[in-house]
Amino acid sequence: MAITVRQALNIGGLQKGRLLAGSKHLDRIINHVNILEAPWEPFWETQDHLFLTSFYALRDNTSLQIKSIQGLAEQGCAALVFQKGIQDILDPLVVQQAEESGLPLIEVEESVAYPEIITPLVQAISREKTYLLQRSQEIHQRLTGLILGGDGLQAVADALHELINRPVAFVNGWGDLLAGAPQVNSDNLLQEILQFARPGLVWNKASGCWLVPLVTGKQNEIDGFVLVWDAEQSANQLDLTAIEQAATVASLELAKQRAVLETERRLKRDFLEDMLTGEHHSVEALLARGRSLGWDLQHKRVVMLVDLNEFEAYYLRHLEKGEAHFQHIKQRFLRGVSRVVAGENPLSIVVERSDSIVVMPHFAAEIPLTQAQRATHALAERICAGLPETLNELSVSVAIGNFYDEVVRLRHSFEEATAALEIRLHLGNPEAIIWYEDVALYVLLKRFSDQSEVNRWREQILGRLIIYDQNNDTELIKTLETYFDANQNSQQAARDLFVHPKTLKYRLRRIEEILGINPFKGDRQLAFYLATKLTHLHKS
């Protein structure tokens, strides 16, 4: 720990000194003591220096003395000691400049030799630094012991708060609170972080807090920050050392957590991939392997896929932000889904898979299918409602497969959810939640819709309407499809099309005229209905 100007005034030759200016800035830190007898230059190291001068090179040159005072103050000089002799008295303008610049200016008589000032100050600074080093080691050992003992970041936050008696928060790079002491308001932590642009320990006057990054990994990635609120910037050197030691220990803890989490995620991803897309397994083997990962597969009956909408387009629009930004988006996506699911259905399984997240809700065997379906839909709604505001302009969609009673058939639910997610893109479906059973027909039709024989059949059935729509910018194909979807209920179809029932009646009559046949008679209905669905897929 260094000494302050206030302390220095009570040490050695400075006890005989007289303070001329800067009385409000006596808490400045002195780390170095030096002699200044040449004209001051801007490139000189002056931060935390106490300089002694007789103004020999600047004697009787008031303007250069004022300029030196300004420069020293701007460069962080701790104090300036003026020895009388070469010049017996300082011009009042020089003293005024020191006061205005906030630079402590001390006057000593010619009889006070430089060694009488320098030697005791250097000894005092050395003692303080030795003490600081010892305390720093003690703090490091205490904080490291907490991590090695498995107490985690919250214990480190509590210990740091106890050491410096100021509010403390550990946050990740997105401003999410990891630990805090005492209770910290986590609403605006990201805004606090965004005010800082440079590395190392920084104090920001606007927010009144210290911040130091938590650096981990081979690439010195910033995984988070330590925030310490100190509105008056009154933390001493030992406090700042404690903050830096806590940041070092927290970085190690985050690196350890990351390694453990990555290993756990890899094991879960590998098992999920094997279970949902690999070879068939016995029920006993699946349940046993699931238990080794802490999963209860016996009560999982459906697979949900949560997907980031248009993530590839977002990626291409923001390439300049770098890969770390997109990884943060995905991490925030996973944390957000996990948080919502944990709140709604705590025993669910949540695993990331590529750009999607697989969710398998937990339902006891006695819960009826209809109740489980309602609960699944409610969970999907909560996910869609709770995530977008945390993912920049990205939104999410949820695809849900069918329910199955056997764990070995969950792979079918996964395949169905995947197919529903893909068909949603083809259909341009704006709904955020899509059930496989609602789009199963489209999924099946899509599998053979590109075959030439199928397209010829579709054109034979609806070719005249397709050409008419193209030439006249009409929507007769859509009208026909909507009418079928409404079970040929004119009132419902008109509402779905946002047209008057008379308008719908006219369009249906016009469809018959163009086709030259009644599409609503007998077995023709099925052919025309399937043809409209194939056309929908073909257009997309």
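Me: Which strand is Thr-53 in?
Reply: Thr-53 sits in strand S5, residues 49–53. Helices here are DSSP runs of H or I with at least four residues, strands are runs of E with at least two, and both are numbered from the N terminus. One caution: this is a predicted model, so local features need pLDDT of at least 70 and side-chain atom pairs count only at pLDDT 80 or more, while totals for chains, interfaces and linings use all residues. Residues are numbered from 1 along each chain as its sequence is written, and side-chain values use heavy atoms, with hydrogens and water left out.

Me: Is Thr-53 buried or exposed?
Reply: Thr-53 counts as buried because its relative accessibility is 2%. Buried means under 20% relative accessible area, exposed means over 50%, and partly exposed is in between (1.4 Å probe, protein chains only).

Me: What does Thr-53 touch, not counting residues up to four places away in sequence?
Reply: Leu-36, Glu-37, Leu-80, Val-81, Phe-82, Gln-83 and Tyr-114. A contact is heavy atoms within 4.5 Å.

Me: Which residues line the largest cavity?
Reply: Thr-53 is one of them, along with Leu-36, Glu-37, Ala-38, Pro-39, Trp-40, Phe-55, Tyr-56, Ala-57, Leu-58, Ser-68 and Leu-72. By class that lining has nine nonpolar, two polar and one charged residues. Ala, Val, Leu, Ile, Met, Phe, Trp, Tyr, Cys and Pro count as nonpolar, Asp, Glu, Lys and Arg as charged, and the others, Gly among them, as polar.

Me: And what volume does the largest cavity have?
Reply: About 60 Å³. The structure holds four cavities of 30 Å³ or more. On a 1 Å grid over the protein atoms alone, a cavity is a set of points where a 1.4 Å probe fits but cannot get out; a pocket is an open set with protein on both sides within 12 Å along at least five of seven lines, and lining residues have an atom within 4 Å of a point. Grid points are joined across faces, edges and corners, and a volume is the space filled by probe spheres set on the points.

Me: OK, pockets then. How many residues line the second largest pocket?
Reply: There are 27, and Asp-27, Arg-28, Ile-29, Gln-233 and Ala-235 lie nearest its centre. Helix H2 (62–74) and helix H7 (237–277) are the elements giving two or more residues to that lining. The volume of this pocket is about 900 Å³, and its lining divides into 10 nonpolar, 11 polar and six charged residues.

Me: Switching topic: where is Val-212?
Reply: Val-212 is in strand S11, residues 209–216. With 8% relative accessibility, Val-212 counts as buried. Leaving aside neighbours within four places in sequence, Val-212 is in contact with Gly-200, Leu-201, Gly-224, Phe-225, Val-226, Ile-243 and Ala-247.

Me: Is Phe-498 buried or exposed?
Reply: Phe-498 counts as exposed, at 78% relative accessibility. You'll find Phe-498 in the loop between helix H16 (490–497) and helix H17 (501–515).

Me: Last one, zooming out: how many helices and strands does the chain have?
Reply: The chain has 18 helices and 17 strands. Its radius of gyration is 37 Å, well over the 24 Å that the globule rule gives for 540 residues, so the chain is more spread out than a compact globule. That radius is taken over C-alpha atoms, and the rule is 2.2 Å times the number of residues to the power 0.38. The C-alpha trace spans about 120 × 60 × 35 Å along its principal axes.
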